[in-house]
Structures are given as structure tokens and as C-alpha cells.
2 protein chains.
Amino acid sequence: MDCSEKVCFNMLMRPESPTFSPLYRQIKNLMLNALESAEWRPGQAIPSEQELALRFNASQGTVRKAIDEMAAENLLVRKQGKGTYVASHNDPRALFRFLRLVPVDGDLAHPQSVPLDCWKAKAGNEAARMLGVELGAPVTILRRLLKFAGRPVVIDEIYLPGEIFHGLTMEVLQGAHGSLYSLFESRFGVRMIRAEERIRAVAADRMTSESLGVAEGTPLLSVERVTYTYGDRPVEWRRGLYSTAEHYYLNELS
Amino acid sequence: MDCSEKVCFNMLMRPESPTFSPLYRQIKNLMLNALESAEWRPGQAIPSEQELALRFNASQGTVRKAIDEMAAENLLVRKQGKGTYVASHNDPRALFRFLRLVPVDGDLAHPQSVPLDCWKAKAGNEAARMLGVELGAPVTILRRLLKFAGRPVVIDEIYLPGEIFHGLTMEVLQGAHGSLYSLFESRFGVRMIRAEERIRAVAADRMTSESLGVAEGTPLLSVERVTYTYGDRPVEWRRGLYSTAEHYYLNELS
DNA sequence: GAGTGGTCTAGACCACGGT
DNA sequence: CCGTGGTCTAGACCACTCA
């Protein structure tokens, strides 16, 4: 039986089977594949619930539940009366979706990303572990400044697997507008969907203090981020140093 | 018509009405009331979906959708085959639900809360604003240490509205086991459901450095938290100073 | 076995966006 | 007007828990 697209009948996935999962989750997985294989691209509409129900041989309600979960995970965006769309970092509302830094004086203007350096290297011990690549595998490293209202607030050092981000250069960075992730998505087909941040307090070293315009030794937030794409594959490791004189890191707990 | 319990028929809540909301959301609100009024208490089971469907005069599916949302917000916990329960900070898995600090060496032992001080005062400017009370209103202030594996890592200063936490003393604190929030829930009937944290990097002052056993001037995380109970009422304001020598603040972004 | 939540279906109607 | 997602219903069957 062809299980590549049509969902295998429940009989094949019943509790006896160790790989059992409910129908809506099997459908969700097939839809994740469609995203990962770029059958459905960021910003585009996916087929209607009716069409998907036919394609997956299930009821509309079941497809709906799969879409619900994916919408809750910010993978899809529903628009009543229009359709369901693949989420995109180009969407103005998602431009700096992972940035939690907020100005003390509620100045909502978007920050500006200023590339400083970009070079190729071989993955060291830590980078290899974080990115899940071999020791010595090619990586691209870039440094950039984040400015709020023209003033530098964050300096980032970003490690990317060279395989995936082949052709990333200063020219490309300087020609880009918007966030890095929208560039990654448009130009390299890599969509960031989830991240983990590990935060510490550190003292500014000489170089950093100059870049951020603060005194040497000033306490800064050290924010290490590992970012994942579909299938929980890590595709970015970065370390940011945040000046919190006029900004704070805002986190909602629930 | 009596709208106090039975859901008003849809006719009364149709789009023409400015207060329109779908039936499952009206039901959700009624269920929130049941939580807020302590009709259903933390740790206890709420009525079955069938019973609720009868009570609210809706189908099981609609009640289900209301419960789904509340479960997603960590207000309720579903247990297949048993029932749906009101979430509780006494639940071992939720004991330090809002604490994001993690040891570098994955030591999963729960931290220990050590009360230092507890006194009454009048709300100053900032406390009044954060807690949404009048300037000069009674507040209870407490300071405590959080220890991981016996070593102090966090020092907290916590502001509570005196009205709500009447009778909170050092004796009560010392007699408590588990987290502060489980004490607040059991003893004062206040359930914390959501919080916002604002994080900065600061240098340890003299007193703090001694409490945490670090050098004066060491960079620390300053974590200001406002915590809300049902109806988005702020009921706690605290400032924590976190030593990040052997721990980090972990945040999942999605 | 009785009762609970979990999944799946089929069909009705509504609200919204575009033609 | 049509097609989209959003809500609501009624009923069937499954999986889990406990007495």
C-alpha cells in the first residue's frame, strides 16, 4: 500500500504498533514534510481545509486539528475568509520575533542590523557541538551590531553551518533589509522556528565596551541562542551581548 | 432572563452586539469565574465534560474547546480516564514553574527557599504602580534566599499587597515547605497564573555580594517580576538578583 | 463495567474577503 | 456571489482509570 501521501489507515497505526499516533498528528507530520520540502513556501497559502481533507482522506475537522496545532506553534497563520498561510519572517509582525529586548521608554521603532564582519572558519569544539556538525566542518561567522534609534545596544557573534549558508558574504548582508532571519529564509531557504536562549550576566571587555559605547567592566547580558529549523535541526548558534542601560529583556511566563 | 449561569442564547450575543464572543469563550469565562470564586479549588477535579455541557446548555464539543484553551494556559490539567483538574502550584511538576534558572551541570534537584526577613510597610511610588494599589497602601515585604544544592544563588525582595496576604509572617514562612506560590495558594487562596519578567545586568553591591558569596561588583542578573492572578490582577512584585557563575537563565522562544 | 477524557466523523450555519 | 476559515452540534468509538 502506498503510504507516501495518503494517510495509512488507522489499522496500521493502532495502539499495538509502537509508532502509533492519532490521525491528526500523522497529518500534521505530512504537512510538516510539505513545509520542510518547500512544497509550501513562506508567505504562500496552503490548500484549503477541504482540499487537504480529500488529499489526506480524513474529515475536515481532523485536518483542522492538525492546522490548529501548527498555528499555535507559529508555523502557519490563519486568515479568516482568505486561507491559511505559511508563516514568514518577512511578515512585518514577525520581523524580530525572537528578539526580546525592549526599550525602557516604550519606543517601538524596529532595531537596525549593522553587519560588521563576515568570514569563513572551521567549527571549533563548542560550535560543532551546538550546531550538530563535525569538528572542523565549515562554518560562517558573522558579527553584527543591533541599533535602536541609531544607538548600538547589542553586539552579536553568529555561527552558521557553511553547508547550508553557502554564499553568505558581507555584500549579501549589506544588500539585505529587515532581519537576518528574513534574509536566511528568502535567500537560503532556511526557516527558523524555535530557539533556546541561555542568559548570564558578564562584564564588558575592552572591545565590546567600545562597540557598545559603555565603560569597560559594565555588566551586560550574555545571551547564547541556539536556533532550530524544521525537525529540530540546529542551524544557528549565536552569542549576543546586550547593554541594559536603556533596555531590558522582557520575558512572559505562563 | 437569567444570565448568571446558563449561557445566554446566541441571539443575545450575536455580532450586532458589541460584546459578542463565541459560545465556547462565554463558557470559558463562566469557568474562569468558577475558578476565581473558588468554586473549583486547586488540585480538585472539575465536573466532567458531560456535566458541564448540561450546566452550560451546550454540546460536549463546545465545552471541550473551552477546556482546551484553559489547559493550554496551564489553568487546568487533563488526565485521561480520570477527569480534569484545577492546576496547582502544589503539584510537584509545577513547584517552581516560573523559575527559569538552571544549573550548568544538569543537576535537577529542586532549589530550597530560605526566608530572611519579613515586615510590613506602606507602598512607595514604584510598588504602588506595579501592584495597582494606592500610594501608601499596606504592603508586606519579604526577602529570601534561593539555594541550589545548599549554595545561595538568588536573593529576592518580594512586595505583596497587605490586604490579600494578611497574616503573612516569618513564622508562617518558616513553617512552609515547597515554593512560595504553593504557600500563597494554600494559605491565602491566591493562585499565580502568569508573570512578566524584565531582566537587566547589574553589578553586585556590598550586601548582595555577601549574601550570595560573590565578589563585590560581580555582574548579576536583575530579574524584576510582576505576577498576576485571575483577571490579570497583579498581586506580586519582586526583584531577584541571580548569580550566574554556575547557573543560567533558560528561555525557550517560539 | 462504568465513567472519564481522546479521537474522528458528517453536516449545518456564520463571518469574512474578494469577485 | 462564492470560497475561505470559525463555530456548534450529535453521535460513534477508543483508551485509560478505578472499583
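User: Domain bounds here come from an automatic or database domain assignment, so into which domains is chain A divided?
Analyst: In this predicted model, chain A is divided into domain 1, residues 10-86, and domain 2, residues 92-249.

User: What separates their centres?
Analyst: Taken over C-alpha atoms, the centres of domain 1 and domain 2 of chain A are separated by 32 Å.

User: And how many residues of the two domains are in contact?
Analyst: In chain A, 6 residues of domain 1 are in contact with 6 residues of domain 2. Between them, the two domains bury about 590 Å², with 61% of it on carbon and sulfur atoms. On the domain 1 side, Glu36(A), Pro42(A) and Leu75(A) lose the most area to domain 2, together 55% of what that side buries.

User: Changing topic, how much area do chain A and chain B bury between them?
Analyst: Chain A and chain B bury about 2600 Å², with 51% of it on carbon and sulfur atoms. The contact takes 30 residues from chain A and 30 residues from chain B.

User: How many salt bridges are found there?
Analyst: The rule finds 2 salt bridges across the interface of chain A and chain B. One of them joins the side chains of Arg194(B) and Glu252(A), at 3.5 Å from N to O.

User: Which element supplies the largest share of chain A's side?
Analyst: That is β7(A), with 10 residues of the side that touches chain B. β7(A) also pairs with strand β10 of chain B, residues 247-253, in the antiparallel sense over 5 bridges.

User: Which residue of β10(B) is the bridge partner of Ala195(A)?
Analyst: The partner of Ala195(A) is Leu253(B).

Note on methods. Residues numbered from 1 in each chain as written. Chains lettered and ligands numbered in written order. Predicted model: local features only at pLDDT ≥ 70, side-chain atom pairs only at ≥ 80, totals over all residues. Heavy atoms only, no water. Domains from an automatic or database assignment. Contact = heavy atoms within 4.5 Å. Buried area = accessible area lost by both parts, 1.4 Å probe. Salt bridge = Lys/Arg side-chain N within 4 Å of Asp/Glu carboxyl O. Helix = DSSP H or I, 4+ residues; strand = E, 2+ residues; numbered from the N terminus. Pairing = 2+ DSSP bridges.
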